[in-house]
Amino acid sequence: MAIAEDYEQVLKGKYPAKEHARKVAKWLLEKGGDKTGTIYLEAQKQKLHEDNDSEAPFRQRRYFFYLSGCELPDSYLTYDIASDKLTLFIPPIEPDEVIWSGLPMSPEEAKAKYDIDDCKTTKEVNPHLASTAESAQSTIYAIPEQISDGITFLSFKDKDLEHLKSAIEYCRVIKTDYEIALIRKANVISTAAHVAVMKAAAKAQNECELEAIFLKSCVERNAKNQAYHSIVAAGEHGATLHYVYNSSPIKDQNILLLDAGCEVDCYASDITRTFPIKGSFNEESLAIYKIVLDTQKQCIDALKAGVLWDSIHELAHKIVIKGLLDLGILKGDPEQIFKARTSVAFLPHGLGHYLGMDTHDTGGNANYADKDSMFRYLRVRGTLPARSVITVEPGIYFCRFIIEPYLKDAEQSKFIDEKVLEKYWSVGGVRIEDNILITEDGTENLTPTPKEIDDITQLVKSGR
């Protein structure tokens, strides 16, 4: 797909559960797995709040969804590798429940809706497992912490509770057209919400007003679920990477950092924009914004299949160092600053992460025990395959808690000009984040949200 409008056409089809099941089975077999084995997965259970009889918010297990496309709770699935048969098990009709909630989906309806070969009720799970095992004398593949007490694998010759989770996590990195279409659609909806916030910012009195506007814009486009808790941070609150309060007054702060994205059918968007609340950057925030935008553009331009993500992260730091040197915040030799890791004081997080069913998606091979501060929080290590989706989200932050220890360290402080730095504390933080599809020859940006200086300032001014 090359244009955003194509996603609706792709989404007229079914979620490719069978294709995913085959990918997972292939991974298992390549690791020496049993070609007569059976894959077993469970949906998340519907739970009640612990202190009353109302239902807690439901979030489907992503491992189950990847091989089913089914958002129903209390369901199960099996995939028989030898026969290539994918079977879904859904809750049967419970008359007492129908009174309150209406008729549930029937097996016939499920078979028509989902990319499966058969659908039965959950009462048939154990008999089905027993008949499958006895006929094949084979291996059952399951995730150990996701097996209900009433489920038995006694009839299987072998149990492999080690490899299935890894297999799914690996396969999820490389996206099908349908998955890319879902992420694209989530980006389009979230873009409308970001624009709505920009237009409302000048009149807002509180961060929570703007969070509400974002949520409203998503919900009215039938995207009721957020991929993560929004970050709506005015002024110095933007220096907190995962600011969660979203409840402080908006008064004389110059900029607002909005990190927010909806999900569509379990697939996430993850977008950050930083913009002037009243429509005009001040000198300091504009200077930082230009560095971050330039960093993001250069890093995206350097991406293609097979590139080492670690090196793109290093590139981001080198561009940030040059920008901060030009402003006088940093001083000295750029290579020495890079080797000293002084730039980590201003860009402490990783450049990005895989995106899919989870905001911080699987398969990144992060190493949080890395002693190198520049790479400790980098969520993706290694080369990027074609058809993976990754966020590119450089930022520059003026967080006293992070920077002040550098100022007290003789080896670090020699690279920082405190007098110049003093002018920038009120900026808080600037981050710009897009969702990037990796292709064989380069990239496609799935995020159409405005970020050019003239575009965002005009949007904000249009709402005044």
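This is a predicted model: local features need pLDDT of at least 70, side-chain atom pairs count only at pLDDT 80 or more; totals for chains, interfaces and linings use all residues.

Let's begin with an open sheet of 3 strands, ordered β7-β8-β11, where the pairing is antiparallel. On the edges sit β7, residues 231-234, and β11, residues 271-276, and each of these pairs on one side only. On average, neighbouring strands here are turned by 10° against each other, ignoring direction.

Now look at β8, residues 255-260: β8 and β11 share 6 bridges in the antiparallel sense.

On to β15, residues 434-438. How many residues of β15 are buried? It's 5 of the 5, so the strand is largely enclosed by the rest of the structure. In a regular strand, side chains alternate between the two faces of the sheet. Here, Asp-434, Ile-436 and Ile-438 point one way from β15, while Asn-435 and Leu-437 point the other way, and all are buried.

What does β15 pair with? One partner is β12, residues 389-392, joined to β15 over 4 bridges, antiparallel, with Val-392 opposite Asp-434. Another is β16, residues 443-445, which pairs with β15 over 3 bridges, also antiparallel. There, Ile-436 has Asn-445 of β16 as its bridge partner, and a hairpin of 4 residues takes you from β15 to β16.

Key:
Residues are numbered from 1 along each chain as its sequence is written. Side-chain values use heavy atoms; hydrogens and water are left out. Two strands pair if DSSP finds at least two bridges between them. Helices (H or I, at least four residues) and strands (E, at least two) are DSSP runs, numbered from the N terminus. Axes are lines fitted to C-alpha atoms, for helices over the stretch in contact, and angles run from 0 to 180 degrees between N-to-C directions. Buried means under 20% relative accessible area, exposed over 50%, partly exposed in between (1.4 Å probe, protein chains only).
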